[in-house]
Amino acid sequence: MSSRQPAHPDFPSRRRFLELTGAGAAGTLAAFAGLPAFTAAAAEPHRPATDPRVDDSTAVRLWHTAPAAAGNMIQQGLPIGNGRLGALVSGDPADEALFITDATMWTGGRNDVLSSDGQFPYDQTAFGTLTQLAHLTVEIPGHTLDSVTGYSRALDLSNGLVTASYTQNGVTYRREVYASHPDDVVVVRFSQSGGGTYTGRITLAGTHGENTVVNTSDATASFGAAFDNGLRYGAAITAVSGTGRVEVAGSGVDFTGCGDLTVIFSGGTDYAPDFAQGYRDPSVDPQALARKKVRTAVRQTPDSLAATHIADYRNLFDAMTLSLGTSTEQQRQLDTWTRLQTRAQDGAAPDPELEASYLQFGRYLMICGSRDSVPMGLQAAWIDTNTPGWMGDYHTDVNIQMNYWMADRTGLPSCFDALTDYCLAQLPAWTDTTVRLFNDPRNRFRNSSGKVAGWTVGISTNIHGGSGWQWHPAGSAWLVNTIFEHYEYTQDTRLLARIYPLLKGACEFWEARLVPVTVTVTDPATGQSREVLVNDRDWSPEHGPQDAMGITYAQELVWTLFTNFHTASAKLAKDKAYRKVVDGLRDRLHLPEVSPTTGWLEEWMTPDNLGEVQHRHLSPLMGFFPGDRISLESSPAELLTGVRKLLTDRGTSLYGWANAWRALCWARFREGEKAYEMIMTNLRPSTGSTGGSALNLFDVWPLDDTSSIFQIDSNFGTPSAMVEMLVYSRPGRIELLPALPDAWAEDGRITGVGARGGFSVDVSWRDGKVRQAVIRSVGGRTTEVTAGGVTRTVRLGRGESVTLRW
């Protein structure tokens, strides 16, 4: 049975939230123009009239019994962020440390002078690297860890806070740390109950040899400097207390006898997403602006600052809820690290609340890492060194795409905007570099036709219009396909019009690049030959020969690109003649076959395997996931068998992001237990010799016995797989519980799941069967909904919803 009623407000877009909170036209324009957050505030943030905090007894929390070690913040520090600023928080009672960076804190530049092999330099000088902005330290000498009892620190996912508490001499001390998006500051708030006080010193230090100065007129400590590439940056702190004494001194702030203390930090760069301005905003003085922001924030009460942050954060976080079942009371009593270790033991019972928290942790990172600034790279803005792995860059051969598979699926569509805005801002630079340099005679990937047009990128990109490492011809197709999929979730034609230049430019690149070859049809009954179009000499990331024609990876991506362009051109009523050209190119594309030698879907245009059997990338499966050309509903059994065999032979225990990709493919096969196995592999604690989850739930991979590297794409890819196991969608089709594993089957509910075609889905289940689903239109009109082998057709107007029961 079904019932139709007006929809609840769908998960608010950024525009809708600005309207609700009164941010004004200027704030709305800035949000949708992709302007950086580190500018003068357009309007005073909305201040909630009531306390929006979720009570501690019901908040979802990840907690620990010791502070982070100063030398291992990447595995133990707890993350905060406001979409631009990110910090790792130690929670040490006597020596609170925050490692802070701004997502635009990049060295390097355009990097548009090729190396001798026709590829891009890939170093921290020409290409550049993401670096830290500052270290903020709050020293409280009287609160050494060995002098306190009952220590606990937590990441409160429900309220967007990092907290710590302990007892000393009968006094309970508490602190909470957060990064406010509305006020654009980091706040460290100290409180106590029992008559205790805080005495100590606050220090602000740059990480590039900057000189911190104090200004007694506004009670701030600050610094400012610039990189060799001209990027200016700055940071500032101030502090306030209702009791005791607070004063700036030396290069920091001293506080004495304070029953409460609020420390406020802000900082940033003069980066601007504007090619014409050299990706700089000359009107911004980062040091002066940081001082202005902390002075503005300090005029608010601590309660008001916290309430503003929590209301803003919850507006996004509460858009999706999840229950995968009930954990035992014994499991709930364990701290998070012990709980991870216990769950990883052979024969251990499922811990559904822990697994749901892992998904919500991914959503927390998305909210904290992707709002109004540049998108998240390999480590987002959470680094503990100025030499992060792979420069903390944007890898375009799966990693940045995987970072954003989760946004729409988990009710956070506005968090996707950072990727769209980035690609649009970079497009002029990427186009210029492609037209000038791609056909350089030293470039082994150059177009043999001699033609070049449109745009593509390197395997790595930075924020200054630059590429690094090797050319990545298919990178343009994968980036724009990822952004087009965001349109499929939103059905926003304004978005489609914005990204249309990306689509058309990528098509123009591939029109110039495709090469005609003659192939023999494999059907022995005909033995005919025909001419097809294939990708020129290329590399199936990141292995095998680098001069192979027609790699499956590119053929599938380009097929999807051309399909998406057709949809966009028709929807916008643009370029009808060119649409026919692109349609003709798509019709001539070679599409991969199953190898009679390996039984796999071919990765190269040969039946032989030319690379590693268990390679980390699933490049030849582009048409299965993230694409839709190959599907259980429409593809021949032989083709699906080839896909399945390749997926099986690729292995099951690799980098976290590779496991997440495998889990998503197994979910597409409706094989919940195999997908769940991959999920649990990524939740396995990293021991220093194997990858997995660190104490703070960051996915890490060991570099040696004492160090490891954070790979955030797994923290996003794994939750994406979890959602895909519960709700599968493509335009025109929604399937409920397609790959539900036994561990989650007893009783569960998920709300606010984005569905391609323009819908939002709530679904509840019991004993492995759907009980009820609510389908809401956020722009979609018609879709089929399938559960338990029963398919129903749903027709809705925008804003309407229907409840389906089984």
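Among contacts in the protein chain between residues at least 6 apart in sequence, what percentage join residues at least 24 apart? In this predicted model, the value is 67%. The secondary structure of the protein chain comprises 18 helices and 36 strands. The C-alpha atoms fill a box of roughly 90 × 60 × 55 Å along the principal axes. The radius of gyration is 26 Å. A compact globule of 806 residues would have a value near 28 Å, so the two agree. Of the 806 residues, 61% count as buried.

Helix packing was examined next. Two packed helices are described by the angle between their axes and the distance between the axes. Helix α18 spans residues 712-726 and packs with helix α16, residues 656-668. The angle is about 15°, and the axes lie 8 Å apart. Angles under 35 degrees count as roughly parallel, so α16 is roughly parallel to α18. The crossing of these two helices is left-handed. On the α16 side, the contact is made by G656, W657, A660, A663, L664, A667 and R668. On the α18 side, the residues are D713, S714, G717, T718, S720, A721, E724 and M725. By class, the α16–α18 contact holds seven nonpolar, five polar and three charged residues.

Helix α18 also packs with α9, which covers residues 399-409. Here the angle is about 40°, with the axes 8 Å apart. At that angle, α9 is oblique to α18. The α9–α18 crossing is left-handed. Helix α9 contributes N399, M402, N403, W405, M406 and R409 to the contact. Helix α18 contributes I712, D713, S714, F716, G717, P719, S720, V723 and E724. The residues of the α9–α18 contact divide into seven nonpolar, five polar and three charged.

A further pair is formed by α5 (residues 302-317) and α8 (residues 352-369). The angle between α5 and α8 is about 125°, and their axes are 10 Å apart. The two helices are therefore oblique to each other. The crossing of α5 and α8 is right-handed. The contact involves Y313, L316 and F317 of α5. From α8 it involves Q360, R363, Y364 and I367. Five nonpolar residues, one polar and one charged make up the α5–α8 contact.

Individual residues were then considered. L324 lies in the loop between β18 (321-323) and α6 (329-332). Its relative accessibility is 2%, so L324 counts as buried. Beyond its neighbours within four places in sequence, L324 is in contact with P352, E355, A356, M722, L726, A743, W744, D747 and W765.

W765, one of the contacts of L324, belongs to strand β32 (residues 759-766). W765 counts as buried because its relative accessibility is 0%. W765 and R110 are 655 residues apart along the chain, and their C-alpha atoms are separated by 52 Å.

T681 is placed in helix α17, residues 672-683. With 11% relative accessibility, T681 counts as buried.

The peptide bond from P541 to E542 is cis, with omega near -15°. E542 sits in the loop between β24 (538-540) and β25 (543-548). A cis peptide bond also joins F625 and P626, where omega is about 10°. P626 is in the loop between α14 (576-588) and α15 (637-649).

Positive phi values occur at W390 and at D575. W390 is not a glycine, yet its phi is about 50°. W390 lies in the loop between α8 and β19 (394-395). Its relative accessible area is 38%, so W390 is partly exposed. D575, likewise a residue other than glycine, has phi near 55°. D575 lies in the loop between α13 (552-572) and α14. D575 is partly exposed, with a relative accessible area of 28%.

Terms used:
Residues numbered from 1 in each chain as written. Predicted model: local features only at pLDDT ≥ 70, side-chain atom pairs only at ≥ 80, totals over all residues. Heavy atoms only, no water. Helix = DSSP H or I, 4+ residues; strand = E, 2+ residues; numbered from the N terminus. Buried < 20%, exposed > 50% of the residue type's maximum accessible area, 1.4 Å probe, protein only. Axes fitted to C-alpha atoms, helices over the stretch in contact; angles between N-to-C directions. Parallel < 35°, antiparallel > 145°, perpendicular 65-115°, else oblique. Left-handed = near helix turned anticlockwise from the far one by under 90°. Contact = heavy atoms within 4.5 Å. Nonpolar A, V, L, I, M, F, W, Y, C, P; charged D, E, K, R; others polar. Rg over C-alpha atoms; globule rule 2.2 N^0.38 Å.
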